[in-house]
Amino acid sequence: MRTVIALTLVLALALVSLLVGRAGLPPTEIWQGLTGDGDMPAAVIVRELRLPRTILALAIGAGLGLAGAVLQGLLRNPLAEPGIVGVSGLAALGAVIAFYSGWSQAFALALPLGGMLGAALAAILVLVLAGRAASVVTLILAGVAVNSLAGALTALALSLSPNPFALYEIMFWLMGSLSDREWRHVWLALPPMAIGWAVLATTRRGLAALTLGEASARSLGIDLGRLKLAAVLGTALAVGAGVAVAGAIGFVGLVVPHLLRPLVGHRPEALLLPSALGGALLTLAADIAVRLTGPGPELRIGVLTALIGAPFFLLMVLRRREAWR
Amino acid sequence: MRWLAGIAFALAASFAAEARPARVVSINLCTDQLAVLLAHPNQLLSVSWLARDRALSPVHDRLAGIAINHAQVEDVLPLRPDLVLAGRFAARQTQAVLARLGFRVIALDIPTSLDQALAAVESVGRALDNFPAAEALVHDLRARLAALPPLPPDPPLAAVLEPRGVTVGPGTLFDDVLRRAGYSNLAARLGLGAYGELPLEIVIKHRPAALIVTAGERPVPSLAEAALAHGALSGMRRIEVPSALTGCGGPFSVDLAERLARARS
């Protein structure tokens with residue numbers, strides 16, 4: 001029942017998102033644009049600009065929410081999130097290298113592959129660290145280091161580009177944007193993201209068993225190595241491919257699972273689908289909000305998610321201060 | 001230190017007032033182009049690094065024997081120029097320091113019309129003591145402008161889209177070129193300023209008869225340039241003009257006007 005309500009909400013917001021944009025078209029024209037002759041300006045605006053943007057926002061948000069929920073369940077750490085642990089940052093670096101080197105012009109798949117490689121590298125790094133019984137603090141500090149390094153290398157790569165526009169594009173990669181994305185980006189990123197969701201969904205049983213501790217999970221027949229591999233691979237696919245076409249959008253994977261956890265009785269395996277839907281909703285809502293900014297260039301979507309997410313993060317740190325001492 | 005600069009200034013000023021400048025350095029892409037066209041042999045010692053970029057500079061292949069500077073004071077000093085050409089709003093710190101050290105610096109304004117662009121040709125010609133050549137060039141350019149096809153009674157609507165989603169509005173040289181070439185500028189219709197932001201949705205909504213995009217030959221891509229090839233724009237009539245023709249005012253602005261007028265008919 002809840003899933004039906006959530007899906008209805010997602011669909012309703014998707015429809016709303018088709019109504020919002022710089023051209024300010026009335027709903028009747030939007031409807032004609034969706035259904036009528038494809039040459040009308042309204043048809044081009046709705047089909048070629050707003051629809052791919054909406055689909056990407058939903059898919060990227062779903063991946064972030066899902067990956068956040070899986071990482072938090074796996075590491076039993078409420079602060080594990082693709083942005084904070086450096087997955088998004090390294091994914092952006094991988095995509096930057098693939099794009100500005102010109103590789104993605106010769107071979108279009110190089111772009112999502114670059115993002116996925118970067119994301120996989122960060123996810124492996126996190127698991128290696130966490131594997132040695134790292135504390136919450138260690139994980140976060142490692143994330144700070146990975147993020148700083150990824151940000152610096154991204155800035156370096158863009159500074160070294162012989163293209164004078166490259167340097168202005170650092171905000172896109174660090175803060176993310178869905179502005180003027182097109183179908184090409186959907187076709188590049190959606191298939192790997194969808195595979196990523198499926199892989200992440202296979203961790204359900206493992207995450208449920210893991211709440212009892214690693215030893216009990218093993219005795220229940222859970223292959224922890226495989227579970228971790230699925231988490232890394234799924235995160236790399238779901239987050240890396242999205243970052244490659246829209247930059248790094250932070251905090252979605254932190255806020256959404258945290259808000260929804262009480263609703264599912266704190267069972268990590270029950271959190272996956274709600275987190276995916278919640279992530280899709282939050283990201284699309286944020287993207288609708290940035291479309292309303294202006295005049296002047298649109299606000300980057302990551303600015304908005306950070307404005308929501310960072311105070312949230314601080315609040316979580318304050319609440320748990322005692323436990324982490 | 002101050003007296004030394006004072007002497008240097010006096011010396012430079014006295015030379016400049018009398019003789020043809022023999023050691024000219026240009027530190028701005030736009031003065032680079034005019035200086036390359038108008039300098040006497042061996043008069044121009046150095047131009048800015050941007051003059052080499054084929055995407056920005058129509059004179060990129062005419063720089064043999066001319067050194068490259070990065071518009072830094074330390075690039076300019078060893079050349080001991082007796083004239084430094086600069087842009088009014090670029091490398092201002094460099095200009096200020098050079099002027100304080102007694103170098104003769106001439107800063108050119110950004111032309112906002114074809115007339116001003118032609119006047120810039122003349123003022124660089126005058127500064128290089130080559131006014132006759134500049135005058136002849138301007139005469140020729142005026143003749144070419146006069147030979148442009150007559151303006152249509154109902155000029156077609158054109159949208160100019162540059163990388164980063166920027167367009168050119170009233171009060172820019174490009175806008176003047178566009179009007180002389182027989183177009184009506186969407187940015188002007190929308191009431192945008194000189195360099196306004198033009199979102200793709202707005203371009204599509206107004207159905208311009210032509211979409212004018214500036215394209216540069218670059219070794220590697222950027223998102224800003226990739227966005228100009230957005231699928232949503234594919235249904236529009238597209239006129240690509242080399243970005244090297246649009247950056248600066250001068251003879252190349254007349255080339256731009258001719259290209260645009262030809263593309264219209």
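The model is predicted. The predictor gives the complex an ipTM of 0.89 and a pTM of 0.90. Chain B averages a pLDDT of 92, and 93% of its residues score at least 70.

**Contact between the chains**

- Chain A brings 28 residues to the contact, and chain B brings 23 residues.
- On the side of chain A that touches chain B, helix H3 (41-75), helix H4 (87-100) and helix H9 (183-201) each supply at least two residues.
- H3(A) gives the most to that side, with five residues.
- By type, the residues on the side of chain A that touches chain B are 14 nonpolar, seven polar and seven charged.

**Nonpolar cores**

- In soluble globular proteins, nonpolar side chains tend to be buried together.
- The largest nonpolar core holds 100 residues.
- Within this core, A:Leu66, A:Val70, A:Ala91, A:Ala92 and A:Ala119 touch the most other members.
- H3(A) gives the most to this core, with 15 residues.
- Leaving aside residues up to four places away in sequence, A:Leu66 touches A:Trp197, A:Leu200, A:Ala238, A:Leu272, A:Ser275, A:Ala276 and A:Gly279.
- There is a second, separate core of 85 residues. Its members include B:Val25, B:Leu114, B:Ala158 and B:Ile212.

**Helix H7 of chain A**

- Helix H7 of chain A runs over residues 136-160 and has 25 residues.
- From its first C-alpha to its last, H7(A) reaches 36 Å. That is close to the 36 Å expected at 1.5 Å a residue.
- The buried residues of H7(A) are A:Leu139, A:Gly143, A:Val146, A:Asn147, A:Ala150, A:Thr154 and A:Leu158.
- These buried residues pack against four helices of chain A: H3, H4, helix H6 (110-131) and helix H8 (170-175).

**Sheet in chain B**

- Strands of a sheet pair through backbone hydrogen bonds, either parallel or antiparallel.
- Chain B has an open sheet of four strands in the order S7-S6-S8-S9, and the pairing is parallel.
- Strand S7 (184-185) and strand S9 (238-242) of chain B are the edge strands, and each pairs on one side only.
- Strand S6 (residues 157-161) of chain B pairs with S7(B) in the parallel sense, over two bridges.
- In S7(B), B:Ser184 stands opposite B:Leu157.

Note on methods: Residues numbered from 1 in each chain as written. Chains lettered and ligands numbered in written order. Predicted model: local features only at pLDDT ≥ 70, side-chain atom pairs only at ≥ 80, totals over all residues. Contact = placed C-beta atoms within 7 Å. Nonpolar A, V, L, I, M, F, W, Y, C, P; charged D, E, K, R; others polar. Core = buried A, V, L, I, M, F, W, Y, C linked by C-beta atoms within 7 Å. Buried ≥ 20, exposed ≤ 12 C-beta atoms within 10 Å, placed from the backbone. Expected span 1.5 Å × (residues − 1). pLDDT = per-residue confidence, 0-100. Pairing = 2+ DSSP bridges.
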